[in-house]
Amino acid sequence: MAIELKIGTRGTRRDITGTFNEYYLKANGIFCLNELELPLAFAVRTKYGLMCSLSDDDIVTYMGAGIWDLRPKHKPEEYY
C-alpha cells in the first residue's frame, strides 16, 4: 500500500525525506541540491519560489499542488 502525500502533512525534513521516495518528492517540490553521500541542502518549492533547506530539523508542511511551507526549527539569532 502506497503512502499518500496529503495536504497538511507536516514534519521535519528528515522525517519527510525518510518516509517518501526521492523521485516522488522531486515530483512534489522537494529535491536534493548536491549528489554527495550525505546531502546537506535541499530545494523546497514554496509560494515564493524555491527556498533552500540546510538543516534536517527544518519543518516542512505540504500545502498542495507541489507547494510547501518551510520554517526553520529554531529562529536564527540576530546579529547586532
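Modeller: Gladly! Keep in mind that this is a predicted model.

Colleague: How many salt bridges does the structure hold?

Modeller: Side chains of opposite charge can pair when their charged atoms come close. To count here, a Lys or Arg side-chain nitrogen has to be within 4 Å of a carboxyl oxygen of Asp or Glu. By that criterion, the number of salt bridges in the structure is four.

Colleague: Which residue forms a salt bridge with Asp56, and where does that partner sit?

Modeller: Asp56 belongs to the loop between β4 (49–53) and β5 (59–64). Its closest N and O atoms with the partner are 2.5 Å apart. The partner lies 43 residues away in helix α1 (residues 13–19), and it is Arg13.

Colleague: Is Arg13 buried or exposed?

Modeller: Buried means under 20% relative accessible area. Arg13 has 2% relative accessibility, so this residue counts as buried.
For Arg13, then, the answer is buried.

Colleague: What is the N to O distance between Arg14 and Asp57?

Modeller: Arg14 lies in helix α1 and Asp57 in the loop between β4 and β5, so this pair ties together parts 43 residues apart in sequence. Arg14 is partly exposed at 44%, and Asp57 is partly exposed at 28%. Their side chains meet in a salt bridge with an N to O distance of 3.2 Å.

Colleague: Which residues are linked in a network of salt bridges?

Modeller: Arg71 and Asp69 form a salt bridge at 2.8 Å, but the network is made up of other residues. Its members are Arg13, Arg14, Asp56 and Asp57.

Technical notes
Residues are numbered from 1 along each chain as its sequence is written. This is a predicted model: local features need pLDDT of at least 70, side-chain atom pairs count only at pLDDT 80 or more; totals for chains, interfaces and linings use all residues. Side-chain values use heavy atoms; hydrogens and water are left out. Helices (H or I, at least four residues) and strands (E, at least two) are DSSP runs, numbered from the N terminus. Buried means under 20% relative accessible area, exposed over 50%, partly exposed in between (1.4 Å probe, protein chains only).
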